[in-house]
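Reader: Could you take one part of this model and walk me through it closely? I'd like the salt bridges, please.

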Amino acid sequence: SKGECFQRKDRESVPTASELIRFVREEETSREYDRQFIDLASISDLDLNLIISVSQNISKTMSPEKFLQYLELAEFDGSRLRLRRAALLLFSKNPSKWHPRSQVRILRVKGTEEKTGVNFNVTEVGETNGNIFQLIESSWELLRPHLTETRFSKDAIFKTQIIYPELACKEALINGITHRDYSLEGRGIELKIFDDRLEILSPGKLL
């Protein structure tokens with residue numbers, strides 16, 4: 001009645017911040033999300049060529065089914081191969097069927113801060129969708145041209161100048177894709193290019 005929250009611990013009800021209770025619940029959901037079995041999915045929903053390509057790094061002779069079980073992305077129950085959600089996030093042929101926001105949007109912000117209304121200064125560079133492996137490749141190709149800039153130099157020559165180091169940007173992009181909280185299905189990853197910086201916004205909080 002006073003707007004306070006309590007959490008049961010053994011025989012006591014301990015005062016606990018509502019934000020902490022919400023955070024713990026969200027973390028539990030996040031941890032279990034990609035381990036859930038999706039009974040409507042089958043091996044035919046996966047890109048077998050991609051699985052074989054990735055599995056070559058572990059074994060040249062392992063079948064796609066054995067590879068998925070080896071990584072605990074699938075489990076054979078005696079009659080069929082049951083896929084976990086993680087298998088679909090990584091290898092599905094049609095990712096939007098299983099996740100509505102498996103995407104990366106790249107936005108250009110004119111200036112050093114976002115504005116709204118009549119001063120709105122954000123334009124979309126592009127959007128890419130796909131499974132996690134596809135996202136890494138396609139979003140990198142979309143971002144890469146924006147890491148350099150052609151400027152008119154003092155000696156009257158147009159010169160291409162590197163604004164951001166490729167290796168650092170690619171690592172940051174991969175981190176944003178691999179560490180996002182996929183249980184938050186209403187949002188995708190956004191990469192914003194300001195005049196003075198890049199920002200990668202990945203749904204979810206640090207575990």
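Reader: To start with, is Arg 105 buried, partly exposed or exposed?

Author: Keep in mind that this is a predicted model. Arg 105 is partly exposed, because its relative accessible area is 24%, and the cut-offs put buried under 20% and exposed over 50%. Its salt-bridge partner is Glu 127, with the closest N and O atoms 4.0 Å apart. That pair links distant parts of the chain: Arg 105 sits in strand S5 (residues 103-109) and Glu 127 in strand S6 (residues 122-129), 22 residues apart. Glu 127 counts as partly exposed too, at 39% relative accessibility.

Now for another pair, Lys 192 and Glu 114, whose side chains meet at 2.6 Å, N to O. Lys 192 belongs to strand S9 (residues 189-193) and Glu 114 to the loop between S5 and S6, so this bridge ties together parts that are 78 residues apart in sequence.

Zooming out, the whole structure has 15 salt bridges. One of them pairs Asp 39 with Arg 82, at 3.2 Å between the closest N and O atoms. Asp 39 is in the loop between H1 and helix H2 (48-55) and Arg 82 in strand S4 (residues 81-83), so parts 43 residues apart in sequence are tied together. Asp 39 is partly exposed at 46%, and Arg 82 is partly exposed at 22%.

Key. Residues numbered from 1 in each chain as written. Predicted model: local features only at pLDDT ≥ 70, side-chain atom pairs only at ≥ 80, totals over all residues. Heavy atoms only, no water. Helix = DSSP H or I, 4+ residues; strand = E, 2+ residues; numbered from the N terminus. Buried < 20%, exposed > 50% of the residue type's maximum accessible area, 1.4 Å probe, protein only.
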